[in-house]
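Biologist: I am new to this structure. Please show me how to read its features, one at a time.

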Amino acid sequence: MYLLIPAAGSGKRMGADRNKLLLQIRSKPLIAWTLLAAEAASSISWIGIVSQPPDWDDFKSIIADLRLKKTIELISGGSTRQESVYNGLQALPSHAKRVLIHDGARCLATPNLLNACSEAIIDCFGLIAAVPVKDTIKVVKDNGVIKNTPDRQQLWAAQTPQGFDVKLLKQCHDEGIRQGWEVTDDAALFEKCGIEVRIVPGEETNLKITTPQDLAMAEFILSSRE
Ligand SMILES: Nc1ccn([C@@H]2O[C@H](COP(=O)(O)OP(=O)(O)OP(=O)(O)O)[C@@H](O)[C@H]2O)c(=O)n1
Ligand SMILES: C[C@](O)(CO)[C@H](O)COP(=O)(O)O
């Protein structure tokens, strides 16, 4: 399976002075934990890290330190996640039929989850890992007053990995550019194009490291795995 790792963000919400994926968690850069999971997932054979060229020296030294055995390519990132995935898709080997996309910032996803998504994407065109929402969610108007409360039975929190048929995902990205759609995940492009996306059970611990609080949570979760 081909795996694209969007890793080209700037980490504004983290408030750090560099790409948050280079911050340390338990004495390793955040991205190292994501790469170790990908290395340990038996289904993954090729890894494309979509990242900003000024970060490449750091990424190369992390890859060398981890002594990863899988084929790894560095691909130039875009100015949004959507653009970064687009660039990653163009850089896939031409024979790639299916792809998994997994945020570099989701460094707690297990090899089992990556393998489960690789297996499930063989039988469908699009899938995402997701977990049922536990909170009661409110839709709130601009004036701070609640508009409504959606039925929680139908609400799921989207995670990555997300898996797709490569040809269809490229077509959906192209349509997104034509229509000017701005989305925060790739499943949304499939949805807008009217193509079915399945849910694969995600992991409660598969946090996206976004704020300093998430870093502390990740430290705790990783220490509990030792
Ligand atoms: N131009 C971008 C923006 C984001 N990402 C990646 O997409 C994932 C999810 O994005 P997010 O957590 O929002 O990362 P940042 O953009 O770095 O954070 P922020 O939105 O707080 O600036 C991350 O692995 C991030 O590196 C990317 O590849 N290219
Ligand atoms: C793809 C994603 O991780 C699913 O939860 C998420 O949408 C990334 O987007 P962000 O808005 O940049 O955090």
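This is a predicted model: local features need pLDDT of at least 70, side-chain atom pairs count only at pLDDT 80 or more; totals for chains, interfaces and linings use all residues.

Biologist: How do I read a helix, and which residues of H5 are buried?

Modeller: An α-helix has 3.6 residues a turn, so residues three or four places apart point the same way. Helices (H or I, at least four residues) and strands (E, at least two) are DSSP runs, numbered from the N terminus. Buried means under 20% relative accessible area, exposed over 50%, and partly exposed in between (1.4 Å probe, protein chains only). In H5 the buried residues are Val166, Leu169, Cys172, His173 and Gly176. They line one face of the helix, because they fall within an arc of 125 degrees seen down the axis of H5. That arc is taken from the directions from the helix axis to the C-beta atoms. Lys167 and Arg178 are exposed on the other side of H5.

Biologist: How many residues does H5 have, and what span does it reach?

Modeller: H5 covers residues 166–179, which is 14 residues. From first C-alpha to last it reaches 20 Å, close to the 20 Å expected at 1.5 Å a residue. The expected span is 1.5 Å times one less than the number of residues.

Biologist: What covers the buried residues of H5, and what caps its N-terminal end?

Modeller: The cover includes helix H3 (81–90), strand E6 (98–101), strand E10 (156–165) and helix H6 (186–192). The cap is Asp165, with a side-chain oxygen 3.2 Å from the backbone nitrogen of Lys167. Just after H5, Gly180 takes a positive phi of about 70 degrees.

Biologist: Which residues are buried in H2?

Modeller: Phe59, Ile62, Ile63 and Leu66 are buried in H2. Their arc around the axis is only 100 degrees, which puts them on the same side of H2. They pack against E3, helix H1 (30–40), E4 and E5. The face turned away from that buried side carries the exposed residues Asp57 and Asp65.

Biologist: Which residues does a cis peptide bond join?

Modeller: Thr160 and Pro161, with omega about 10 degrees. Pro161 has its place in strand E10.

Biologist: How do I read aromatic pairs, and how many does a search of the whole structure find?

Modeller: A pair of aromatic rings is described by the distance of the centres and the angle of the planes. Rings of Phe, Tyr and Trp (its six-membered ring) pair if their centres lie within 6.5 Å; planes under 30 degrees apart count as stacked, over 60 as edge-to-face and the rest as tilted. The search finds 2 aromatic pairs. One of them is Tyr2 with Trp46, tilted, at 5.7 Å centre to centre and 55 degrees between the planes. Tyr2 lies in strand E1 (residues 2–6) and Trp46 in strand E4 (residues 46–51), so the pair ties together parts 44 residues apart in sequence. Tyr2 is buried at 15% relative accessibility, and Trp46 is buried at 7%.

Biologist: Is Gln162 buried or exposed?

Modeller: Gln162 is buried, with a relative accessible area of 1%. It lies in strand E10. Its side chain makes a polar contact of 2.9 Å with the side chain of Asp185. A polar contact is a pair of N or O atoms within 3.5 Å; within protein, one must be able to donate a hydrogen and the other to accept it, and residues adjacent in sequence count only if both atoms are side-chain atoms. The side chain of Gln162 also reaches the backbone oxygen of Gln159 at 3.0 Å.

Notes: Residues are numbered from 1 along each chain as its sequence is written. Chains are lettered from A and ligands numbered from 1 in the order in which they are written. Side-chain values use heavy atoms; hydrogens and water are left out. Contact means heavy atoms within 4.5 Å.
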